[in-house]
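I opened the model today to look up a few things about how the chain is packed. My entries follow in the order I made them.

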Amino acid sequence: MLTKTPFPASSRARSRTLLVAASALVLVLAGSAAPAMAASGTGTGTDPASNRTYYSSKTPYVPQQTPAELQAPPAGFVPVYTESVARHGSRALSSFKYDSLTTQVWEQARSEGALTELGSTLGPEVQKLTAANQKLGYGNLTGQGATQHRGIGSRVVERLPSLFAGIDAGTDTVAVESSGEARATASGKAFEKGLEQADPLIASHLPAAIAKRPDTLYFHKEDINADYQEYADSAKVSDAVDAIYDQPRSHEASREVLERLYTPAFVDRLAAGAYHFVDGGDGKTTVDNEVDAAMMLYNLYIIAPDMTEEVQVDFDRYFAGADAEWFAYLLDSDDFYGKGPAFAGSDITYKMATPLLTDFLDSIDARLAGSTTAATFRFAHAETIIPFAALIGLPGSTQPVTPDAPYSYATNAWRGETVTPMAANVQWDVFRDASGRAIVRMLYNEREIAFRSSCTPIAPGSLFYDVSEVRRYITGQVADASVTPPSAISDPATPAAGGTNGSATLAATGEDATQRDLLIGFAVALLAAGAIVLRRNRRHHTRPTPANVHGHDVIAFSGPRGGTSPLR
């Protein structure tokens, strides 16, 4: 969803120093460690060793546990409330740009007789994908996206049958809210269908219309967050992300992909800037070199699995696992710096999720005080889930970086595929006993997880917490966030990280934390000693901005990194 426009001459001339050196050094020393997550579909272009597909934040949703696998609440506790926030489900391309530009590059190569045998198959595949997007409507929820939320809705009823039986038998209601964007609202409607399929009597307790709540679910666009919007446009962000994109591996991976499709001579001309292609949509996205061309194709590769009910195409054959992993890393870097843990010592990317968190807490208090709203379901976007995950310290979202030790797969657990796949969701279930004691558990993509280690569960090994303890922990964390990087507030608890008991691993990866720290220390020591100083002028290229790479509704970065486009 990254939209991209040409860099100004002054930006192209900006040199790179220790930021690039640190990233390159860490990658060489540590290699890549990415978390495994089930994704729908297989492909000939996946990593043959692990069947990894590297779809980044467009990874189709897969529930991480079944209701039957969850811990049972303590004896005497019954469910009294449930609430959630979810990203919209799988969707179509945001607009006519990736497919437009890939088609233009392909047609140019065909006119020059520069297609390989595999390359000759690409044009027809793109045509089919474009036709499917035009028929569905660019940016709209796909059939698979609706199916994802119907399933989540049905499983909520399966998880909490007595709560819904109580709603059915009384006058309690269910609240359903969205950001107001079409695909979020459509996701909410699909979720309601899932509720009704599992519990037909719930229909009369649902709202007549889904409420629009941009203040809590589309907060990145709100005027009150002008400081975030300024940050998103800042050189601090663009420099960090550009340094990652500018690594030699980006050009190498682009060549590996494109030379399967086009002759080396044609790719040489692309790399030399001999062509200039402009998208057929809003005209803000361009292809001016081989990295641009490969990125456009990668965006088709990652959207195809989300449109399996609309079109049958095979883009996996155009990507080897290692190349797809690199492009996923590039796209993840945009979201990491733009909306995720970002820089140590700053909360600018996630403090704006505080109204949503406050709504979670206040909604529980209201229910415990007698509110007739027995459930609240919210539907939003990746730019809602990513800051929220960082704010409350969900697995993989606890580690910010410094300018001299930038984001890399080798040293950081953040991955778009696990933090915010399509239909990503955070759910809290509240239970109460006869004495009035209230406890809560949290599920992340339907896997029950611990709150961070500074929050004490009701018993060792339990994933249930007193509501008052969660509020204490949350209130303290938010108060400290403006001066304390999220990783320093508390370490992620082992159950949340998904590691084995007693192991020192990074959340969601299983990478050894001690080895990681030694590698980081070695890299930083070398840099501090001045052993490596890399200066490199950025050559002219037009890298997509965070909005047009990820395929979800996202803030568009402008200024040095290009024009604006919504990433939803």
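**Entry 1: helix 11**

I began with helix 11 (residues 248-258), where the buried residues are Arg249, Ser250, His251, Ala253, Ser254, Val257 and Leu258. Buried means under 20% relative accessible area, exposed means over 50%, and partly exposed lies in between, with a 1.4 Å probe and protein chains only. Helices (H or I, at least four residues) and strands (E, at least two) are DSSP runs, numbered from the N terminus. I then looked up what these buried residues pack against, and found helix 10 (235-245), helix 12 (264-271), helix 13 and helix 14. A contact here is heavy atoms within 4.5 Å.

I note that this is a predicted model, in which local features need pLDDT of at least 70 and side-chain atom pairs count only at pLDDT 80 or more, while totals for chains, interfaces and linings use all residues. Residues are numbered from 1 along each chain as its sequence is written, and side-chain values use heavy atoms, with hydrogens and water left out.

**Entry 2: the whole chain**

I looked up the totals next. The protein chain has 22 helices and 12 strands. Of its 568 residues, 60% are buried. Among contacts with a separation of 6 or more, 80% are between residues 24 or more positions apart.

**Entry 3: helices 15 and 16**

How do helix 15 and helix 16 pack? I found an angle of about 70° between helix 15 (residues 354-368) and helix 16 (residues 382-392), with their axes 9 Å apart. The axes are lines fitted to C-alpha atoms, for helices over the stretch in contact, and angles run from 0 to 180 degrees between N-to-C directions. The two helices are therefore roughly perpendicular to each other, a term for angles of 65 to 115 degrees; under 35 is roughly parallel, over 145 roughly antiparallel and the rest oblique.

Helix 15 brings Thr354, Leu356, Leu357 and Phe360 to the contact, and helix 16 brings Thr384, Phe388, Leu391 and Ile392. By class I list six nonpolar, two polar and no charged residues. Ala, Val, Leu, Ile, Met, Phe, Trp, Tyr, Cys and Pro count as nonpolar, Asp, Glu, Lys and Arg as charged, and the others, Gly among them, as polar.

I also checked how covered helix 16 is, and 11 of its 11 residues are buried. Glu383 and Pro387 are among them. Glycine 393 follows helix 16 and has a positive phi, near 75°.

**Entry 4: aromatic rings**

I searched the whole structure for aromatic pairs and got 28. Rings of Phe, Tyr and Trp (its six-membered ring) pair if their centres lie within 6.5 Å; planes under 30 degrees apart count as stacked, over 60 as edge-to-face and the rest as tilted.

The pair of phenylalanine 266 and tyrosine 275 is tilted, because the planes are at 40°, with the centres 5.3 Å apart. Phenylalanine 266 is buried at 0% relative accessible area, and tyrosine 275 is buried at 11%.

Tyrosine 298 is buried at 0% relative accessibility, and phenylalanine 319 is buried at 2%.

Ring pairs also link Trp326, Tyr329, Phe336, Tyr337, Phe343, Tyr407, Tyr409 and Trp414 into a cluster.

**Entry 5: charges over rings**

Lysine 236 lies over the face of phenylalanine 343, 4.5 Å from the ring centre. The charged end of lysine 97 sits over the ring of tyrosine 98, 5.2 Å from its centre. For this, NZ of Lys or CZ of Arg must be within 6 Å of the ring centre and within 35 degrees of the ring normal.

**Entry 6: valine 470**

Is valine 470 buried or exposed? I found it buried, at 2% relative accessibility, in helix 18 (residues 467-481). Not counting residues up to four places away in sequence, valine 470 touches Leu361, Trp428, Val440, Phe451, Cys455 and Tyr465. Valine 470 and arginine 452 are 18 residues apart in sequence and 9.9 Å apart in space, C-alpha to C-alpha.

**Entry 7: positive phi**

Most residues other than glycine have a negative phi. Tyrosine 54 has a positive phi, near 55°, and serine 56 has one of about 55°. Tyrosine 54 is in the loop between helix 2 (18-30) and strand 2 (78-87), and serine 56 is found in the loop between helix 2 and strand 2. Tyrosine 54 is buried at 5% relative accessible area, and serine 56 is buried at 3%.
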